[in-house]
Amino acid sequence: MIIAIDGPAAAGKGTLARRIAETYGFHHLDTGLTYRATAKALLDAGLPLDDEAIAEGMARKVDLAGLDRTVLSRHEIGEAASKIAVMPSVRRALVEAQRRFAEKAPGTVLDGRDIGTVVCPGAPVKLYVTASAAVRAKRRHEEIVEAGGSANYDAIFEDVKRRDERDMGRTDSPLKPAEDAYLLDTSEMSIEAAFQTAKSIIDAALSRNA
Ligand code: C5P
């Protein structure tokens, strides 16, 4: 059983994916972390972000078992990740690793931008989690403030929009819902309500597969 969850930055798909994985005892992979780990390795080594061959080499070295969300969540790493994510050979390298992960028993939850369209097009459950840019910026802002940090809402809002443009506008694997994805707009929905909706879709798929 593979559950594919896609959507734009800060839509709440990570929280949802983790909760689903925990509920069903499935392995979870946040594929954004694979792009982030590649970008961080380049930044740490002082290497350029615009050399595709070098970036692909780094992508091939990423260890999926060693992805640390706390370290990789830094804003500048996310920016760098979305720059190298436009490179087809970087994507090919990471997609190969993600597909191997997706085959783990008893099941997997993968979240990202292209899981339902490219990485696992045959996944029996595909969710596209979204929310308006204003709501996503507000949630990210609250998250930072609650964690004791300081942040500027307008800057976050601009950032969310810029990331959307880059992710939706690229030629290779642009962010878009798969034709058979279930759309979950969480603009006016709590995470709990989104989870309950997702759960009923997954339960129906599990009983079809049983
Ligand atoms: O989801 P997260 O913000 O961690 O992703 C960082 C960047 O990695 C995204 O902005 C996107 O450009 C890229 N990404 C991608 N395909 C995925 C996951 C992430 O292109 N499946």
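Two residues are in contact here when they have heavy atoms within 4.5 Å of each other. This is a predicted model, where local features need pLDDT of at least 70, side-chain atom pairs count only at pLDDT 80 or more, and totals for chains, interfaces and linings use all residues. Residues are numbered from 1 along each chain as its sequence is written, and side-chain values use heavy atoms, with hydrogens and water left out.

**View 1. T31 and its contacts.** Look for T31 in the loop between β2 (27-30) and α2; helices (H or I, at least four residues) and strands (E, at least two) are DSSP runs, numbered from the N terminus. Setting aside neighbours within four places in sequence, T31 touches Q98, L110, D111, G112 and I115.

View 2. A polar atom of its side chain sits 2.6 Å from the backbone oxygen of D111.

**View 3. The largest pocket.** A pocket is an open set of points on a 1 Å grid over the protein atoms alone, where a 1.4 Å probe fits, with protein on both sides within 12 Å along at least five of seven lines; lining residues have an atom within 4 Å of a point. Here 42 residues do the lining, and A10, R36, R69, R140 and E143 lie nearest the centre. α9 gives the most, with six residues.

View 4. Domain 1 (1-26 + 107-204) and domain 2 (31-105) both give residues to the lining, so the largest pocket lies between them; the bounds come from an automatic or database domain assignment.

Note on methods:
Polar contact = N/O pair within 3.5 Å; in protein donor to acceptor, adjacent residues only side chain to side chain.
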